[in-house]
Amino acid sequence: MQFSILINGERRSVEADPDTPLLWVLRDDLHLSGTKYGCGIAQCGACTVHLDGVAARACVTPIAAVGTAPVITIEGIGTSEWGRKVKAAWLELDVMQCGYCQAGQVMSATALLAKNPRPSDADIDQAMHGNICRCCTYTRIRAAIKHAAGLPTADTREVRS
Amino acid sequence: MNDREDDEGVSGIAGLSRREFLTVALTAGGGLLLTLNVPSAAGAVEPSGAAGALNPYIRIDPDGTITLVAKNPEIGQGMKTTLPMLIADELDADWSDVRVEQALLDPIYGPQFAGGSLGTPLNWIPMQRVGAAGRQMLLTAAAHTWNVPLDECAAQDSTVRHRPSGRTLGYGALASRAAALPAPDLNTVRLKTPAEYTIIGRFTGGVDSPRVLAGEPLFGIDMSLPDLSYAVYAKSPVFGARLVRANIEELKAQPGVRDAFVLRASQPDAAVRMGLVDGVAIIADKWWDAQKALRKLRAEWEPRSASSQSTHAFALEADRLAHQTPQTVLRRDGDVEAALAHAHKTVSAAYDYPFLAHATLEPQNCTARLGRDGRLEIWAPTQNPAPGAKLVAETLGIDPGKIRVHMTRVGGGFGRRLNNDYMVEAAAIAQHARRPVKLLWNREQDIQHDSYRPGGFHHFTAGLDTEGRLTAFRDHFITFGQNGRVASSADLPRDHFPAGFVPALQYGQSLIELAVPTGPMRNPGGNALAFAFESFLDEVAHAGGRDPLALRLELYGPARVLPAPPPRYGLRIPPFDTGRVRGVLEEVARRSGWANRKRLPAGTGMGLAFYYSHFGYVAEVVQASVAADGVPHVHKVWAAVDVGSQIINPAGAYNQAQGAILDGLGQALHLLVTLDRGRVLQKNLDTYRLLRIEEAPPLEVHFVRSDNPPTGLGEPALPPVLPALCNALFAATGKRIRSLPIDPQHLRSAAA
């Protein structure tokens, strides 16, 4: 079946079965391989993209469900103000280790900040819960989100007692 | 306390200096090439492939671009940035002029692997020498150009300056002339003093990071080639099973499928050796088509020995063995039975920990292309390319000289990719299909076909005197074996602490036969043994009414350097230094407020642990409490880390230490692989529960600088956090965790 989707501001046409996950259309048909495969069941968030501005897991989003929603991927996120800031913060704080999950982390972080420009730690926990970092760079992910938001980056979470 | 000066007067533990040599040549573009040959030092690594090819570490183009080659794979440990930093500093390069290129697998680079936290200790001196030799050539070239004495020239920021006249020449302008000069003797090049460093010690972002965030195709999974097909490879969920039959024709008829065929195991025990095992390959134009066809696979497998193997059965067998005399005595110091009989008090406890999977976030994959000329080209996210090439050569009968391995960026290693099963699969599929293929495992296959961190069981008994001092120590370690030999990463080193620090000690060992593959996982041995030993030591401290910190300080004794162990893997092993133990213990106690822990509110506790591994000394304190549902809540972790005199890249160093601590926390809290009738029950990340951001507590990492050569950081910060957490939970609740992962049920009744 033929699908026409709007990706990173560009209209692209692909031939795929309707049940093909957007992830594989991006990676193998459109050669946008920045979006990663980690689990295929929306558990790890490595495949996070924006659908109509909302973070979505491309591994469980059939191409047929995309419809007219604009798709933004890591390749295109830098053109938005928040995307640019988040990427800059990620580099400044040297967040990544292996880097495999980081496209997804950046996409989730950008979606969070676009909606909530001054997130609390609890907001960050909630928005980033679905993005696993196997290298466990969570300390810097948290700090980089705050840094992008212009907030102090020190981990001030209460040492609860 | 530093006795690690080698014959050439250069401190370092690699001990390679006599065998290093340098060659110089002109590049096609008139630049400078430098190659340092560091012959194989690690016994596990046997470089193979075409010899004699000249592969540069340093190339300077006429426009001033400095290309530095990173010899080791990048798995997130940061070596693609760290090693070029060492070269660049001694080269007096401006880091902004530097671009980094990943080396191919080539014997000219010596060992090329990511493992054992060895990247730093093996390369610290050699890489600096490469840079220093380059600087000397550039200085000489400038002196010749200006016809001035060499000692009037100085290098800085990719530029040579003639001090008396103030004239300058950029490295780009000097490169061609420098390359024509004879190569300096690497053993005589002068290295900088730490005060002269300009790049070493500076917070330096990963060289690939901007490209990762641009979504560029850097990882193995991102490989593309002309006419590339996608492959999946289905293996039996029961390890080592033989494929009897499969519906190959039906698979071939699936949409988008180009081919389907059976491959056979290279040897009967290929499963435990992480070689090529029986399976069905499906090749399609798109990976999703191959994946969909995989769901139609109907295969009949004939199980072998593994089909009787279950976690539950292992526990029963371990219990049976625990009541018998150990099959082997690994170590016996003094008369442990007599010492226990005379002890004022004895403490006994049994500990166990489960099998674990690595779950690298990038699932195993590899791309292979067999040319018409018989040359095999491989693009692999591997930690250990040389043994992979050897495995491919042996399994497929290909001349090793015809195999070329490209090291892609690696989406997580953790030891999983020290094995190269995916590499031999991709190569075998490409060979059979006669077309280039990218093999990609799905997550389920990745979790179900790992080289697992082996589980284990410890039956400890300790003897205490009236002062609470440890006078006797006994462990009956029940672990796993394959054909009567201890399985990979399932061993207890005979010098494991407290051996050597207790007058009467015995380590006994019994084996359970295992038909499931095991292998190294980040800090192999330590990631499990630290939990058992350091938790039990905490029990000993409490039983004797001692402060766990004071007991440790007393056990390790006054600061002193113990005799160095014999070289291992061709490496000079640094001697154990109890002063460094004391240093990190005292630092972590000070930072965490250990002395004031009794003032914490009821229900909150602090736990402490120390572990020495991979030449690194790490002490950690965890503060934790338990929620009403029994779920542990980690408030904070403090770490004090001594990996020598110099943190090469603080950006990477803190990240490694923090990541290792959280990795260990995740293991303690959640991770578990369950074997049932020869297969792994967990399939995906819903049941194999990796740590998430809200579970990552605040961390404080402090590096304690000691006068020792820098050593690696990928691994040493992981082990102590597991016992430190369990010890904190005991302090908080009075409940001792003796089995991992932590069971909230066990803690529930303790919660207020």
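Helix H13 (residues 526-543) and helix H17 (residues 721-733) of chain B pack with their axes 8 Å apart and at an angle of about 35 degrees. Helices (H or I, at least four residues) and strands (E, at least two) are DSSP runs, numbered from the N terminus. Axes are lines fitted to C-alpha atoms, for helices over the stretch in contact, and angles run from 0 to 180 degrees between N-to-C directions. This is a predicted model in which local features need pLDDT of at least 70 and side-chain atom pairs count only at pLDDT 80 or more, while totals for chains, interfaces and linings use all residues. Residues are numbered from 1 along each chain as its sequence is written, and chains are lettered from A and ligands numbered from 1 in the order in which they are written.

H13(B) passes H17(B) in a right-handed crossing; a crossing is right-handed if the near helix is turned clockwise from the far one by less than a right angle, and left-handed if anticlockwise. On H13(B) the contact is made by B:Ala530, B:Phe531, B:Glu534, B:Ser535 and B:Asp538, and on H17(B) by B:Leu722, B:Pro723, B:Cys726, B:Asn727 and B:Phe730. Two residues are in contact if their C-beta atoms, placed from the backbone, lie within 7 Å. By class, the residues of this contact are six nonpolar, two polar and two charged. Here Ala, Val, Leu, Ile, Met, Phe, Trp, Tyr, Cys and Pro count as nonpolar, Asp, Glu, Lys and Arg as charged, and the others, Gly among them, as polar.

The sheets of chain B come next. Seven strands form an open sheet of mixed pairing, in the order S11-S12-S9-S19-S16-S17-S18. Its edge strands are S11 (257-263) and S18 (403-407) of chain B, each of which pairs on one side only. From one strand to the next the twist averages 20 degrees. Two strands pair if DSSP finds at least two bridges between them. Within this sheet, S16 (residues 365-370) and S19 (residues 437-440) of chain B run antiparallel and are joined by four bridges; B:Cys366 has B:Leu439 in S19(B) as its bridge partner.

Two helices pack on this sheet. Helix H11 (residues 421-433) of chain B touches S9 (229-235), S11, S12 (279-284), S16, S17 and S19 of chain B, and its direction makes about 35 degrees with that of S16(B). Helix H10 (residues 385-396) of chain B lies across S17 (376-380) and S18 of chain B, at about 145 degrees to S18(B).

Strand S20 (residues 456-464) of chain B is mostly covered, with eight of its nine residues buried. A residue is buried if 20 or more other C-beta atoms lie within 10 Å of its own, exposed if 12 or fewer, and partly exposed in between, with C-beta atoms placed from the backbone. Nine bridges join S20(B) to the antiparallel strand S15 (residues 345-353) of chain B, and B:Ser348 stands opposite B:Thr461 in S20(B). S20(B) also pairs in the antiparallel sense with S21 (residues 470-482) of chain B, over eight bridges; there B:Phe457 has B:Ile478 as its bridge partner. The hairpin of S20(B) and S21(B) has five residues between the strands, and in it B:Gly468 takes a positive phi near 85 degrees.

An open sheet of three strands in chain B has the order S6-S7-S8 with antiparallel pairing. S6 (153-156) and S8 (168-170) of chain B stand at the edges with a single partner strand each, so one side of each is left without a neighbour in the sheet. S7 (residues 159-162) of chain B pairs with S8(B) over three bridges, and B:Arg161 has B:Thr168 as its bridge partner in S8(B). Helix H2 (residues 119-146) of chain B lies across S6, S7 and S8 of chain B, running at about 135 degrees to S6(B).

The contacts between chains involve 52 residues of chain B and 49 residues of chain A. On the chain B side, H4 (209-213), H7 (287-294), S26 (632-642) and H16 (650-669) each supply at least two residues. H16(B) gives the largest share, six residues. By class, this side of chain B has 24 nonpolar, 18 polar and ten charged residues.
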